[in-house]
Amino acid sequence: MGAGETILSIKGLHVEFPISIGTVKALQGVDLDIVKGEVMGLVGESGCGKSTLGFSIVRLLRPPGRITSGRIDYRGRNVAGMDEKELLRIRGRRIAMVFQDPLTSLNPLFSIGQHFVETIRTHDRAVTKSRALEMAGDMLESLGISRQRLGEYPHQMSGGMRQRIMIGLALVMRPELLIADEPTTALDVIVEAQFLDLLEELRGRFDLTVILITHNLGNVAQLAHRITVMYGGTIVEVAPAGDLFRRPLHPYTEGLLASIPNIRLDRPRLVTMPGSPPDLVDPPAGCVFHPRCPRAMDVCRRERPPSVSGDGRTVSCWLYKEVP
Amino acid sequence: MREEIVRVRDLVKRFPVQRGILSGFLSSEARAVHAVDGVSFVISKGEVLGLVGESGSGKTTTGRLILGLTRPSAGEISYRGRPLASFGRAEMERLRTRMQVIFQDPYASLSPRMTVGDAVSHPLKIHGMASGERAREMAEEIMEKVGLTPAGFLYRKYPHQLSGGQRQRVAIARALVTSPDFVVADEPIAMADVSVRAMILELMVRLKEDFDLTYLFITHDLATCKYICDRIAVMYLGRIVEIGPIREVFSNPVHPYTRTLLEAVPVPDPEFRRTQPMPKGEIPNPVDPPAGCAFHPRCAYAEPACARERPELLPVGPGHEAACPVMAR
């Protein structure tokens, strides 16, 4: 990770979705720094806010979702306060995002080449069509796809190839930060492994910083340098991958790790976490995890735990006055 | 020898391929996808057989064939030693109460307009097993058993008012309310979150003991098989490439495809490194599968004969068979 230059710094981020029955407090004060060159795994179950955080960074929250407070500083400039014109200079060019389902993200009426031409010329009118196609061909080749296939349409490609096209479209403007939201969820296990290998290779080649959003801790274990665990719209723990797996601090992280099947281990049974994730229209007082926490104390039911940091890791839990 | 519940022999299912009008006139050759292409296995009482494969491997079609939801193009399925083809209409109806199914997506398999109680008691009414107050009692009883408590309260709820884990429990309760002895579970936890998955798996294991069930557990996830299956059958392009006791297959995988699948499973351990690279490419088009062994174009161990001869399952260990003459040598 070299000098450890922080390129993205999120502070006190709150995101809300007003709906008919109230307001979903999707993010409730999120703080996170992303260091140049790292792969940050953003992990949690459905509804924890991991995708909302990703969408907030590129300001693509679906209405009625909105950032109600907090900052998202990208290289010293607050993305949360930018107007559309400023955003266009960042989104897609400096920070790009790949989504879960490549079939719905690609236009069936556009050839692969047309997808690239449109993407490139949206960001830079000065690029000619033939130059854009040349860039597209080069990109396809670095993804292990022949440039002959530029004239083909999405339906002529396999699932794994479509996902590679998506990442190619995200990288063609050479962004420095890539946010990948569950990029392998729709893929079969072998294709998934191939894709994660490719992502690691591209990270080196394009000097990328990656935020990899996933519900599968297994996926990020080998790829991520650090892992952020989210629960109920909050960050409960951030740690280097090795430390997190070896010695999880937050009881939720501990429960999550114990509930994933590990094919390499002989463990007679999985540990289950009782209860279900919180209702974010009316989140529990204190720590959002306390109703399911096996180690909940009185204070957990009343007050939200502060974050404590040390030794390269951060945890938000009343069990810790400092990082042990 | 334990009692046999389900046996399939040389099961084949072809789906005709839709084609353009003109090419239909020009060529008389009928094209078909061999979704299931000669599958045989036995499931004994009390056993959990895992049917594992990627999309397009034919695992779901195999499950549907066993349930009688689609007719086989060839081959035979028998239930407790009797071929399904010999069952009359009324007998088949009764059989449906004995063989049940849990689908992947509780959002899609539960009607949003039916209350939980209606959904769970529905099979009883359809099959004429109970109605009115009796059906309600039976439904509430099974709801309690699967952890949908308090059953009286949840009975009136609609699926959207439940959590993901509860919805999957409704799907399980609905499958078990007719007291089946055989259940096909088709990716029952694929849509669920990690913590919910563990809960559902544990529930299914407990229910199997409580109700003396036999499962066909269809999944793409090898890691979860470990926690529920006694044996697994690995499918690739409509054929079983390896079958055997779970421990035996996991510790001593023989077919190169099984090895690849095992190697590809994400491992929640940062220290873990894969020992072999992933093969290039993806599952070929099942309309036009490779000749010989369907895996040979992607196989690191392929020999010239693999492109010509279709391998049969060969014994490679106790109760363990693999369809690879190269590795079995």
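Me: What makes β1(A) and β2(A) paired strands, and how many bridges join them?

Reply: Two strands pair if DSSP finds at least two bridges between them. Here 11 bridges join β1(A) to β2(A), so they count as a pair, and they run antiparallel. One spot to look at is A:P18, which stands opposite A:T23 in β2(A). A hairpin links β1(A) to β2(A) through two residues.

Me: Before we go on, what am I looking at, and how is it numbered?

Reply: It's a predicted model, where local features need pLDDT of at least 70 and side-chain atom pairs count only at pLDDT 80 or more, while totals for chains, interfaces and linings use all residues. Residues are numbered from 1 along each chain as its sequence is written, with chains lettered from A and ligands numbered from 1 in the order in which they are written. As for the elements, helices (H or I, at least four residues) and strands (E, at least two) are DSSP runs, numbered from the N terminus.

Me: Which strands of chain A are called edge strands, and what makes them so?

Reply: Start from the open sheet of four strands, ordered β2-β1-β4-β5 in chain A with antiparallel pairing. β2 (22-35) and β5 (77-78) of chain A each pair on one side only, and that puts them at the edge. Strand β1 (residues 6-19) of chain A also pairs with strand β4 (residues 66-74) of chain A, antiparallel, over seven bridges. In that pairing A:S9 stands opposite A:D73.

Me: Why do β2 and β5 of chain B each have a side without a neighbour in the sheet?

Reply: Chain B has an open antiparallel sheet of four strands with the order β2-β1-β4-β5. β2 (32-44) and β5 (82-83) of chain B have a single partner strand each, so one side of each is left without a neighbour in the sheet. Inside that sheet, strand β1 (residues 4-16) and strand β4 (residues 74-79) of chain B run antiparallel and are joined by five bridges. B:V12 has B:A74 as its bridge partner in β4(B).

Me: Why is α8(B) called roughly parallel to α9(B)?

Reply: Axes are lines fitted to C-alpha atoms, for helices over the stretch in contact, and angles run from 0 to 180 degrees between N-to-C directions. Angles under 35 degrees count as roughly parallel, over 145 as roughly antiparallel, 65 to 115 as roughly perpendicular and the rest as oblique. The axes of helix α8 (residues 164-176) and helix α9 (residues 194-211) of chain B come within 10 Å and cross at roughly 20°. That makes α8(B) roughly parallel to α9(B). The crossing is right-handed, a label used if the near helix is turned clockwise from the far one by less than a right angle, with left-handed for anticlockwise.

Me: Which residues make that contact, and what is their make-up?

Reply: Two residues are in contact if their C-beta atoms, placed from the backbone, lie within 7 Å. Among those that qualify are B:Q168 and B:I172 of α8(B) and B:M199 and B:L203 of α9(B). The residues of the contact divide into eight nonpolar, three polar and no charged.

Me: How do you know whether B:C229 is buried or exposed?

Reply: A residue is buried if 20 or more other C-beta atoms lie within 10 Å of its own, exposed if 12 or fewer, and partly exposed in between. B:C229 has 23 such atoms, so it is buried. Its place is the loop between α10 and β9 of chain B. Leaving aside neighbours within four places in sequence, B:C229 is in contact with residues including B:V48, B:F217 and B:I246.

Me: Which residues of α12(B) are buried, and what covers them?

Reply: In helix α12 (residues 256-264) of chain B, the buried ones include B:P256, B:Y257 and B:L261. Their cover includes α7 (189-205) of chain A together with elements of chain B, among them α10 (222-228) and β9 (231-236).

Me: And where the chains meet, which element of chain A gives the most?

Reply: 36 residues of chain A are in contact with 30 residues of chain B. α7(A) gives the most to the chain A side, with six residues. That side divides into 16 nonpolar, 15 polar and five charged residues.

Methods
Ala, Val, Leu, Ile, Met, Phe, Trp, Tyr, Cys and Pro count as nonpolar, Asp, Glu, Lys and Arg as charged, and the others, Gly among them, as polar.
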